[in-house]
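Thanks for asking me to look this one over. Have the sequence and the model open side by side while you read.

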Amino acid sequence: MKQKKIPMRMCVGCREMKPKKELIRVVRSPEGVVTMDPTGKKPGRGAYVCQAGDCLSRAIRQRQLERQLEAHLSPETAEALQKALEEIRAREEATVQRE
Ligand SMILES: [Zn+2]
């Protein structure tokens, strides 16, 4: 029987390998704009952080995210990323409660 491989990625916050679906992708577009990429399909250089926990803020604080994306993160961009993650989490929670 062929075993299905779970795609694993490393979180830039805690540096642990996790299944891709537990992580969220941050992408730097070819134009240099850093945004959250919940679909994981945007073009550009990507980095992954855990959807749960404070890995995103840690990755921003320790500049791991900047290093991975090879992009400068302005405080405004950092804030927008945190906000986007909160929104994604809120949406997930709403989905869970409906079940
Ligand atoms: Zn993490």
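The numbered points below go from the overall fold to single residues.

1. Ground rules. This is a predicted model, so local features are taken only at pLDDT of at least 70 and side-chain atom pairs count only at pLDDT 80 or more, while totals for chains, interfaces and linings use all residues. Residue numbers start from 1 along each chain as its sequence is written.

2. Overall make-up. The protein chain has three helices and five strands; both kinds of element are DSSP runs numbered from the N terminus, helices being H or I with at least four residues and strands being E with at least two. In sequence order the pattern is β-β-β-β-β-α-α-α.

3. Dimensions. The protein chain has a radius of gyration of 14 Å, which agrees with the value near 13 Å that a compact globule of 99 residues would have. The radius is taken over C-alpha atoms, and the globule rule is 2.2 Å times the number of residues to the power 0.38. Along the principal axes, the C-alpha atoms fill a box of roughly 45 × 35 × 25 Å.

4. Of the 99 residues, 24% count as buried. A residue is buried if 20 or more other C-beta atoms lie within 10 Å of its own, exposed if 12 or fewer do, and partly exposed in between, with C-beta atoms placed from the backbone. Two residues are in contact if their C-beta atoms, placed in that way, lie within 7 Å. Among contacts between residues at least 6 apart in sequence, 52% join residues at least 24 apart.

5. The sheet. Three strands form an open sheet in the order E4-E3-E5, with antiparallel pairing. The edge strands are E4 (34-37) and E5 (45-50), each of which pairs on one side only. From one strand to the next the twist averages 30 degrees; axes here are lines fitted to C-alpha atoms (for helices, over the stretch in contact), with angles from 0 to 180 degrees between N-to-C directions. Strands count as paired if DSSP finds at least two bridges between them.

6. Strand E3 in detail. Four bridges join E3 (residues 23-28) to E4, and six join E3 to E5. On the E4 side, Val 26 is partnered with Met 36, Val 27 stands opposite Thr 35, and Arg 28 has Val 34 as its bridge partner. Val 27 also stands opposite Gly 46 in E5. Because five of its six residues are buried, E3 is largely enclosed by the rest of the structure.

7. The hairpin. E3 and E4 form a hairpin with five residues between them, and Gly 32 in the turn has a positive phi of about 95 degrees.

8. The nonpolar core. Which residues have the most contacts inside the largest nonpolar core? They are Val 26 and Val 49, in a core of 21 residues. The elements giving two or more residues to this core are E3, E4, E5, H1, H2 and helix H3 (75-98). A nonpolar core here is a set of buried Ala, Val, Leu, Ile, Met, Phe, Trp, Tyr and Cys residues joined through C-beta atoms within 7 Å. Leaving aside neighbours within four places in sequence, Val 49 is in contact with several residues, including Cys 11, Leu 23, Val 26, Leu 56 and Ala 59.

9. Two backbone angles to look at. Most residues other than glycine have a negative phi. Arg 15, which is not a glycine, has a positive phi of about 60 degrees. Arg 15 lies in the loop between strands E1 (8-10) and E2 (17-19), and is exposed, with 10 other C-beta atoms within 10 Å. Arg 63 has a positive phi near 65 degrees. Arg 63 sits in the loop between helices H1 (55-61) and H2 (64-69), and counts as exposed with 12 C-beta neighbours inside 10 Å.

10. The C-alpha atoms of Ala 90 and Ala 59 are separated by 21 Å, with the two residues 31 apart along the chain.
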